Amino acid sequence: MDTGLFLEKLILVVILFAISLGVAMYSTYLERKVAAWFQDRVGPDRAGPWGLLQPLADGGKMFFKEDFTPVNADKWLFIIAPGIAMFVALITSAVIPWGPNIFLFGRDIQLQVAHVDIGILFIMGFVSIGVYGIMIGGWASNNKFSLFGAIRASSQMISYELAMGIAVITIVLLTGSLDLGEIVKAQHGINWFVFKQPVAFIIFFVCALAECNRAPFDLAECESELIGGYHTEYGSMKLGFFLFAEYTNMFISSAVIAVLFFGGYNFPGMDAFTGNWLALMCVGVFFAKIVFFIFVFMWIRWTIPRFRFDQLMHLGWKRMIPIALINLLITAVVIAFMEGWFN
Amino acid sequence: MQSLTNRSKMVSNKKMSFVEKLYLPAIFGGMLITFKHLFKKHNTLKYPEQTKKFAPVYRGQHVLKRDEEGRENCTACGLCAVACPAEAITMVAGERKKGEESLYREEKYAETYEINMLRCIFCGLCEEACPKEAIFLTDRLVPSQFERNEFIMGKDRLVEDVNNRIDITARQLTGKRGEI
Ligand code: SF4
Ligand code: SF4
């Protein structure tokens, strides 16, 4: 194998890993700050300037907590569950195209760890594996609240994945490709899919909220009824892993939303630049979009109250899926019409 | 049924209209409201650095006053203990000996005087009952302690220091006693 390619991918993986963790870390900080601002408070401001070292302090605290395992818990599953959650959360970032190619040391470097032809399927697949972390965690804890949380999480994810998948199919219809790189390239400039497919965007966004177990769909861990749900029995860094996985998921979801509907790294007026500068700016723009969507996730969380579980199922099966299907049908007919099938 | 106030409202169970069923307008409305709060001034007081000013009539930890010559005002009459609804005050009276005139103003004085700060409800009735203007509530907070009996404050902590008088002018009732 080409050592250069190997090195380049290795470096990219390490950078991506660090960025994912860093973003997840600072999402916790941002979440508290945003919550505070929305509630006319100040938020964490003691650790370092503006409280910027708060995530480090939290992490340190997590490490020094007692690593507790309930007596009747299934030890092995109990330990593996946070690992699965974390693994799945991190692995999806591999197929996301972070920017156009960069030229360094005489090499044409692709800013995508794995160029998979079926990138979007890969992401959908791994996201649905993500439910295993929660399921196993809730089951292994041997606690009824955890089990409730786990069951809710799995039924919710399965219900919303359907609508999400249909929304994705509409995008795939538009581009004719499952490759995330192709999908991004098809949205050159300001030619973003959100303008062509606003309904699909809303459906995808709502489902992304549900997939990440974020409010108003955080029924898997609603504190008021399930005392934390699937991670009730977890403590120390195992709990930390679950929370980290949640924030990493949010990061990846924001990235996927940006890729599918907001042009990924494309921005209006990008034709005026070329080469590495373009690539750098693209990466910057992409991250700006991601941060914006993370903010929107939080914005929604601190605005809307939680759904009741029957309402959640009702919304998922009776509203989202039919709307997504009709949207898909209309898109398909329009595309067929434009391609001249009816002539 | 006749309502007691004019604030009561009939519960409405009307069906949601189509637009309401979409949830989205309501959600965007809510998000607009929260967004406006981003730019509002916060009300947080950064506590250890900033503290809130107490109202002049704040009722905090008691002080047993001395007069201008530094003699204790209290004459152990026990009226404060009688007035106290929480029964927080106990005292033992003693007779002033010769040579102690510079210590106690009256011939009878309190040998021990204790207020149990855990019982006290800071109502200020002791202050009102006192005929000698000896006990006052101040704007000081009762410090937190690790032991319960630390909260039973004796004279060592209640009587003010001669050189370090405690300002109670805001609550000073001198000359106004008769009016109350
Ligand atoms: S403030 Fe009220 S409760 Fe406290 S000692 Fe005085 S009379 Fe008793
Ligand atoms: S503080 Fe006042 S009311 Fe209480 S015993 Fe002393 S003189 Fe009497």
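**Exercise 1. Which residue forms a salt bridge with Asp67(A), and how far apart are the closest N and O atoms?**

Solution. This is a predicted model, in which local features need pLDDT of at least 70, side-chain atom pairs count only at pLDDT 80 or more, and totals for chains, interfaces and linings use all residues. Residues are numbered from 1 along each chain as its sequence is written, chains are lettered from A and ligands numbered from 1 in the order in which they are written, and side-chain values use heavy atoms, with hydrogens and water left out.

Step 1. Apply the rule: a salt bridge is a side-chain nitrogen of Lys or Arg within 4 Å of a carboxyl oxygen of Asp or Glu. The partner is Lys238(A), with the closest N and O atoms 3.0 Å apart.

Step 2. Helices (H or I, at least four residues) and strands (E, at least two) are DSSP runs, numbered from the N terminus. Lys238(A) belongs to helix H10 of chain A and Asp67(A) to the loop between helix H2 (54-64) and helix H3 (75-91), so the pair ties together parts that are 171 residues apart in sequence.

Step 3. Check accessibility, where buried means under 20% relative accessible area, exposed over 50%, and partly exposed in between (1.4 Å probe, protein chains only). Lys238(A) has 12% and is therefore buried; Asp67(A) has 48% and is therefore partly exposed.

**Exercise 2. Describe the make-up of chain A as a whole.**

Solution. Step 1. Count the elements: chain A has twelve helices and two strands. Along the sequence they follow the pattern α-α-α-β-β-α-α-α-α-α-α-α-α-α.

Step 1. Compare the radius of gyration with the globule rule (taken over C-alpha atoms; 2.2 Å times the number of residues to the power 0.38). For 343 residues a compact globule would have a value near 20 Å, and the 21 Å of chain A agrees with this. The C-alpha atoms fill a box of roughly 65 × 50 × 50 Å along the principal axes.

Step 2. Look at burial and contacts. Of the 343 residues of chain A, 53% count as buried. A contact means heavy atoms within 4.5 Å. Among the contacts in chain A with a separation of 6 or more, 79% come from residues 24 or more positions apart.

**Exercise 3. Describe the interface of chain B and chain A.**

Solution. Step 1. The contact takes 18 residues from chain B and 18 residues from chain A.

Step 1. Buried area is the accessible area (1.4 Å probe) that two parts lose on being put together, summed over both. Chain B and chain A bury about 1600 Å² between them, with 66% of it on carbon and sulfur atoms. On the side of chain B, Tyr23(B), Met31(B) and Leu38(B) lose the most area to chain A, together 33% of what that side buries.

Step 2. Two salt bridges are found across the interface. In one of them, the side chains of Asp45(A) and Lys46(B) meet at 2.7 Å, N to O. Helix H2 (residues 24-38) of chain B gives the largest share of the side of chain B that touches chain A, eight residues.
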